Amino acid sequence: MAFSLHGVHVPHRKHTADKPAVPMESPKTVTLPMSMHIGAPAKPVVKVGDLVRVGTLIAEAGGAVSAPIHASVSGKVTKIVDYLLSDGRTVPAVVIESDGEMTPDENLTPPEITSREDFIEAVKNAGIVGLGGAGFPTHFKLNADPARIEHLIINGAECEPYVTSDTLTMVERADDMARALEAMKTYLGIQNIIIGIENNKKKAIESMRQLMADVSKGCTAEVKVLPAVYPQGGEKVLIYHTTGKVVPMGKLPIDVGCVVINCTTLAAIGAYLKTGMPLTEKCVTVDGGAVKEPKNVLVPIGTAMADVFAFCGGMTTEPVKVVYGGPMMGITVPDTSAPILKNTNAILALTEKEVKLPKTTACIRCGSCTNTCPFGINPAEIARAYKKRDAVALTDLALMACMECGCCSFICPANRPLVQTNKLAKAFLKEEQAKEGSKA
């Protein structure tokens, strides 16, 4: 597996980059699935009829790799229902009917922190997960041996088209980011801080250069301006382009001395340290050709997409596709009742003009998919091996290195569903490996 500057030049379409985040009023109801993160689902600690306020704990972490969930509105728990996630799993979801007041929980106070353990526990109690899209519980990521952490890398790349919510964080919330970084320096012993930003974000670069100057006492802190090449924000890609380190397949960033934190995740930590309010709202980019008034919105987590689109003036036309996230790695939703999750950075309502719907033809063996893959894997050969259900070949082709960025599908002149096939092949390979493991 080789790293390179391969990738694709996607259209930026950063229409909302200069639009400050606008707070949304309380929706009538919110739906909070118990799995808004990688790992075990949270466990509800409320029942139907309970009264809650903004920040009230409604679900505790379901294990070491999990995260608690808090009420995003004040009101009454009206239902606990089964909710179907985009990956096909069904988990409980707490439905809260808002009283419209957005009253904060009176028991919330800033955490008292005097040690590394206190800091890790505070991040866990805040319910903070990776807010750039992955959703990995942040406290678990930070709970590494400080002696192993050589670089803290802040992900400000935001390489997906349309999405600008991270850009707004870097411009508007540098104080929150600074507070979190000072705590990490004190309690995690961070010595080297790097923030990677694509070169198409001039205001963010200026803001982050000032931030790095402000937090540089006692450590090295720098901004690395990177080419605007998708998928620059992929964790392993960002590590390579900021430090030159390669994360071996099957290993984690900490194995090469790196911890990567999304810039909005960092700001959420800083805000919690100041106010004691856990993660209950998210800055979401609302865009796409069907949206009447594209903007960045501060949304209570659990709000239905339909309510957010209505806040942005509704639709000018019926969208062909509605997507969680950006158009490259985003997930299409069946309808707009789907709620805003912790790791939702954008919702897009795309028109036929914006959605690539050409006819799929036979592979012409041009090699474009391999040439653009950041890891140099061969999606065309993977597709052939998957068609044959050849688990050995799929393993040899380094299938599991695929980060599902979509570069291969984007560049393919035959319009073949390569990244979709990679996802199916990964599911097949995991099943085959589980079968082999059960025989051992």
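This briefing covers a helix pair, a pocket and a set of paired strands. The model is predicted. Helix α4 spans residues 174-188 and helix α5 spans residues 202-215. The second largest pocket has a volume of about 590 Å³. Strand β8, residues 90-98, pairs with β2 and also with β7.

**Helices α4 and α5**

- Two packed helices are described by the angle between their axes and the distance between the axes.
- The axes of α4 and α5 cross at roughly 35 degrees and come within 10 Å.
- This crossing of α4 and α5 is right-handed.
- On the α4 side the contact is made by A174, M177, A178, L181, E182 and K185, which meet S207, M208, L211, M212, D214 and V215 in α5.
- Sorted by type, the residues of this contact are eight nonpolar, one polar and three charged.

**The second largest pocket**

- The lining of this pocket is made of 27 residues, and R173, A271, T280, E281 and L298 lie nearest the centre.
- Two or more lining residues come from each of α3 (165-172), α7 (263-275), β13 (281-287) and β14 (295-300).
- Helix α7 gives the most to the lining, with five residues.
- The lining divides into 16 nonpolar, six polar and five charged residues.

**Strands around β8**

- Strand β2 (residues 29-33) pairs with β8 in the antiparallel sense over five bridges, and T29 stands opposite E97 in β8.
- Strand β7 (residues 75-84) also pairs with β8 in the antiparallel sense, over nine bridges, with L84 opposite T90.
- The hairpin of β7 and β8 has five residues between the strands, and G88 takes a positive phi near 95 degrees in this hairpin.

Methods
Residues are numbered from 1 along each chain as its sequence is written. This is a predicted model: local features need pLDDT of at least 70, side-chain atom pairs count only at pLDDT 80 or more; totals for chains, interfaces and linings use all residues. Side-chain values use heavy atoms; hydrogens and water are left out. Axes are lines fitted to C-alpha atoms, for helices over the stretch in contact, and angles run from 0 to 180 degrees between N-to-C directions. Helices (H or I, at least four residues) and strands (E, at least two) are DSSP runs, numbered from the N terminus. A crossing is left-handed if the near helix is turned anticlockwise from the far one by less than a right angle, and right-handed if clockwise. Contact means heavy atoms within 4.5 Å. Ala, Val, Leu, Ile, Met, Phe, Trp, Tyr, Cys and Pro count as nonpolar, Asp, Glu, Lys and Arg as charged, and the others, Gly among them, as polar. On a 1 Å grid over the protein atoms alone, a cavity is a set of points where a 1.4 Å probe fits but cannot get out, and a pocket is an open set with protein on both sides within 12 Å along at least five of seven lines; lining residues have an atom within 4 Å of a point. Grid points are joined across faces, edges and corners, and a volume is the space filled by probe spheres set on the points. Two strands pair if DSSP finds at least two bridges between them.
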